[in-house]
Amino acid sequence: MALKAGFALCGSFCTFHKAIPQIEELKNAGIDVIPIMSANAYETDTRFGKASEHIKKIENICGHKIIHTITDAEPIGPKKLIDALIIEPCTGNTIAKLAAGIADTSVTLAAKSNLRNGNPVIIAVSTNDALGNAAKNIGLLMNAKNIYFVPFRQDDCEHKPTSIVADFSKTKDTFLQAIVGKQLQPMIL
Ligand SMILES: Cc1cc2nc3c(=O)[nH]c(=O)nc-3n(C[C@H](O)[C@H](O)[C@H](O)COP(=O)(O)O)c2cc1C
């Protein structure tokens, strides 16, 4: 049976153009991808594109409707809908909630619901405060059971010294390692 990955996008809108091709890459590897978006990601038009355009593109690639409410995210655990959850891009906001055990969005509830089955959650960090206010939350999650990170680097150390972005091209490899309980290395690029 095909592996099933949840792919959850949070409101780091400037990285959608890098995250969406990774969904295609997972699909091309024969992985069934269940798309999830935070309410902010699902509802907000920004200078990086209209929400309706992102939604159409993602649903076309996946062949599934996007889960974007807590009601639709809740069955992910009980019905064993996925083998692992990829959160890409993952905002500082969602990282803080995950670290604090808060599950008040489609994405954080999907994580909680998936973790209850002992399945991996894979985080692709994209936030300007990763080496600032979010650093403590990232550190906490690094030391948490069943949480893995898409390898990351500073993206503009001169102008944004606390910013970190995952190398999204390593998503499939991180997923394939995480489902056998391993962190893809090197984690810091
Ligand atoms: C245009 C735009 C770009 C943003 N980019 C980022 C980003 O790259 N990283 C981040 O952590 N937050 C970013 N934000 C802020 C988040 O969208 C905001 O914190 C939101 O509450 C996140 O909700 P979510 O984590 O539930 O998706 C951005 C907001 C806007 C409007």
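**Note on domains, a helix pair and the ligand shell**

1. The chain of this predicted model is divided into domain 1 (6–15 + 27–80 + 97–119) and domain 2 (121–156 + 171–189), with bounds that come from an automatic or database domain assignment. Residues are numbered from 1 along each chain as its sequence is written. Local features need pLDDT of at least 70 and side-chain atom pairs count only at pLDDT 80 or more, whereas totals for chains, interfaces and linings use all residues.

2. The centres of domain 1 and domain 2, taken over C-alpha atoms, are separated by 18 Å. Their contact (C-beta atoms, placed from the backbone, within 7 Å) takes 10 residues from domain 1 and eight residues from domain 2.

3. Helix 5 (residues 92–100) packs with helix 7 (residues 135–142) at an angle of about 50°, their axes being 9 Å apart; helices here are DSSP runs (H or I, at least four residues; strands, E, at least two), numbered from the N terminus. Axes are lines fitted to C-alpha atoms, for helices over the stretch in contact, and angles run from 0 to 180 degrees between N-to-C directions.

4. In this pairing, Ile95, Ala96, Leu98 and Ala99 of helix 5 meet Asn137, Ile138, Leu140 and Leu141 of helix 7.

5. The ligand is surrounded by 17 residues (C-beta atom, placed from the backbone, within 6 Å), and the closest are Cys10, Gly11, Ser12, Ser38 and Thr91. Helix 2 (39–43), helix 5 and strand 4 (121–127) each supply at least two residues of this shell, to which helix 5 gives the most, with three residues.

Notes
Contact = placed C-beta atoms within 7 Å.
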